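Please take a first look at the model below. The report then walks through one of its chains.

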Amino acid sequence: MRVTLHQDKCVASGQCVLAAQEVFDQRDEDGVAVLLDDNPPAEAHDDVRHAAAVCPALAITLAES
Amino acid sequence: MTDTLTDTASDTGPEPGYPIDRSPRCPFSPPAGLRELQATAPLRKVRLWNGSAAWLVTRYEELRALAGDPRISSDILRPGFPQVSLGSLERARRQTSFLVMDDPAHARLRRMVTGPFAVKRIQAMRPEIQRLVDELIDTMLAGPSPADLVREFALPLPSLVICHLLGVPYADHAFFQRNSAALLNRNSADRATEAQRILTDYLDGLIGEKLARPADDLLSALATEQVATGLLERRDLTAIAILLLVAGHETTANMIALGTLALLRHPDQLDALRATDDPARIAAAVEELLRQLTVVQTGLRRVALEDIEIGDQMIRAGEAVILAIDAANHDAAVFSEPDRLDLGRDARHHVAFGYGVHQCLGQQLARVELQVVYGTLYRRVPTLRLAGDPAELPYKHDSIVYGVHELPVAW
């Protein structure tokens, strides 16, 4: 799985961090999401899919292999 | 041909009025009339208070598609925008926050305030929120029973928390709580406009104090880093301050009181919640109560910028659109048996905080407050019960945010 985060779209809702803390974090100054791991391990895939599904700004795209 | 699409609108007869009151017999679910529309005409024109028409969107999938669609505007000043009440346009002409602006202005202003609401910074506030919850419960238990849970607990907690975060003196709580409630009332335009003026004067004065003597709080940071440097107009900060103060306590307060009422009316669910101290189960309970109760009851208001074809309908450029998040959170296609309160279900994809770029920026704060409240109150007060007839409770039918004005409880 390849994860792409579009920071320009992010509205800092924090939904991705709530869903997958190992894969997403937020910038301290404005809460914009930060991608920690663009190729997360298999056990994180469900959480990352959930993060992408609930992102209100459609800022996370996934390429599943 | 597209005219036919609009005109046949899957139904005949006059447009139903919106919003619709919830039934006192079914206070935890969206109004029956809304569910009917969802089942028979999920994209339907409705008639608003001023006689204007708006498309009402009641199904989850279409609601999310439209809420995330850049061809939809949140600009309250744009012609065709479905005003929520008499006076709301006049108030918006005087003052608007980024809640009712489009990008790029919205994004620029929103990002100035999102930092302190990030997940980890809110998580760091949990011990302080726990301390406040414990203190409020101590005080309530030391007083007479029965008591009004709204006044003793549900309203003070989020007010204390947002005051602390913004740097608003809690000593002024009776004043700003009264005016916040007035601002959200749909049926009293003059009083709402007066409340806007009063809160504007109050917060503008407070911003002046923060500029002169900055403290360690969000309003001081915004005043010194954004206003003093010319990046933000002082009047825009006042609008932001009103938004955060009002949204920061009214919504959560209603979730605390209405959530408690819902749990007291569903003792099996309350017992299960009381029996656990597992943070994951408490968090799941919060999401389910957010979904079930969806206290924002007048929909997300939008206006189409272009023609949008959706479902079997055509929304024309300039037409008003209302996204009924309460109905969408009870869409059986997404949440099975949607009217059943089931604290064990996975409800994390609800839209109680909205959807799209305007999704609630304080949602992580609301979550932590509710997790601490629901995880503490019923364990510390195991005999908590309703002191009165549930059918007689004063429900907030005339407010943008649903809830109860009072909740008499005994223990």
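At what angle do helix α15 (residues 279–293) of chain B and α17(B) pack, and how far apart are their axes? The angle is about 110°, and the axes are 9 Å apart. That makes α15(B) roughly perpendicular to α17(B). The crossing of the two helices, α15(B) and α17(B), is right-handed.

These values come from a predicted model.

**Confidence**

The mean pLDDT of chain B is 95. In chain B, 97% of the residues reach 70 or more. One stretch needs care: pLDDT stays under 50 over residues 1–10 of chain B. For residues 1–10 of chain B the model has 10 contacts beyond four places in sequence. For the complex, the predictor gives an ipTM of 0.96 and a pTM of 0.95.

**Helix packing around α17(B)**

Who makes the contact between α15(B) and α17(B)? From α15(B) come Ile282(B), Ala283(B), Ala285(B) and Val286(B). From α17(B) come Arg367(B), Leu370(B), Gln371(B), Tyr374(B) and Gly375(B). By class, this contact of α15(B) with α17(B) has 6 nonpolar, 2 polar and 1 charged residues.

Helix α13 (residues 234–264) of chain B also packs with α17(B). Here the angle is about 35°, and the axes are 11 Å apart. The crossing of α13(B) and α17(B) is right-handed. On the α13(B) side stand Thr251(B), Thr252(B), Met255(B), Ile256(B), Gly259(B) and Leu263(B). They meet Ala366(B), Glu369(B), Leu370(B), Val373(B), Tyr374(B) and Tyr378(B) in α17(B). By class, the contact of α13(B) with α17(B) has 8 nonpolar, 3 polar and 1 charged residues.

| Helix pair | Angle | Axis separation |
|---|---|---|
| α15(B) and α17(B) | about 110° | 9 Å |
| α13(B) and α17(B) | about 35° | 11 Å |

**Where the chains meet**

How many residues of chain B are in contact with chain A? There are 18 in chain B, and they touch 16 residues of chain A. The elements of chain B that give two or more residues to this side are α5 (105–113), α6 (119–123) and α17 (363–380). By class, the side of chain B that touches chain A has 6 nonpolar, 8 polar and 4 charged residues.

**The sheet of 5 strands**

Chain B has an open sheet of 5 strands in the order β1-β2-β8-β5-β3. Its pairing is mixed. Which strands are at the edges? They are β1 (43–47) and β3 (72–73) of chain B, and each pairs on one side only.

Strand β1(B) pairs with β2 (residues 53–57) of chain B in the antiparallel sense, over 5 bridges. Arg44(B) stands opposite Leu56(B) in β2(B). Arg47(B) has Ala53(B) of β2(B) as its bridge partner. Together β1(B) and β2(B) form a hairpin, with 5 residues between them. In its turn, Gly51(B) has a positive phi of about 90°.

**The sheet of 3 strands**

A second open sheet in chain B has 3 strands in the order β4-β10-β9, with antiparallel pairing. Why is one side of β4(B) and of β9(B) left without a neighbour in the sheet? Strands β4 (147–148) and β9 (385–386) of chain B stand at the edges, each with a single partner strand, so one side of each has no neighbour there. Strand β4(B) is joined to β10 (residues 408–410) of chain B by 2 bridges, and these strands run antiparallel. Ala147(B) has Val409(B) in β10(B) as its bridge partner.

**Backbone exceptions**

Most residues other than glycine have a negative phi, and most peptide bonds are trans. Chain B holds some exceptions.

The peptide bond from Asp103(B) to Pro104(B) is cis, with omega near 5°. Pro104(B) lies in the loop between α4 (88–94) and α5 of chain B. A cis peptide bond also joins Ser145(B) and Pro146(B), with omega about 5°. Pro146(B) sits in the loop between α7 (126–142) and β4 of chain B.

Thr294(B) is a residue other than glycine with a positive phi, near 30°. Where is Thr294(B)? Its place is in the loop between α15 and β5 of chain B.

Note on methods. Residues are numbered from 1 along each chain as its sequence is written. Chains are lettered from A and ligands numbered from 1 in the order in which they are written. This is a predicted model: local features need pLDDT of at least 70, side-chain atom pairs count only at pLDDT 80 or more; totals for chains, interfaces and linings use all residues. Two residues are in contact if their C-beta atoms, placed from the backbone, lie within 7 Å. Helices (H or I, at least four residues) and strands (E, at least two) are DSSP runs, numbered from the N terminus. Ala, Val, Leu, Ile, Met, Phe, Trp, Tyr, Cys and Pro count as nonpolar, Asp, Glu, Lys and Arg as charged, and the others, Gly among them, as polar. Two strands pair if DSSP finds at least two bridges between them. pLDDT is the predictor's confidence in each residue, from 0 to 100. Axes are lines fitted to C-alpha atoms, for helices over the stretch in contact, and angles run from 0 to 180 degrees between N-to-C directions. Angles under 35 degrees count as roughly parallel, over 145 as roughly antiparallel, 65 to 115 as roughly perpendicular and the rest as oblique. A crossing is left-handed if the near helix is turned anticlockwise from the far one by less than a right angle, and right-handed if clockwise.
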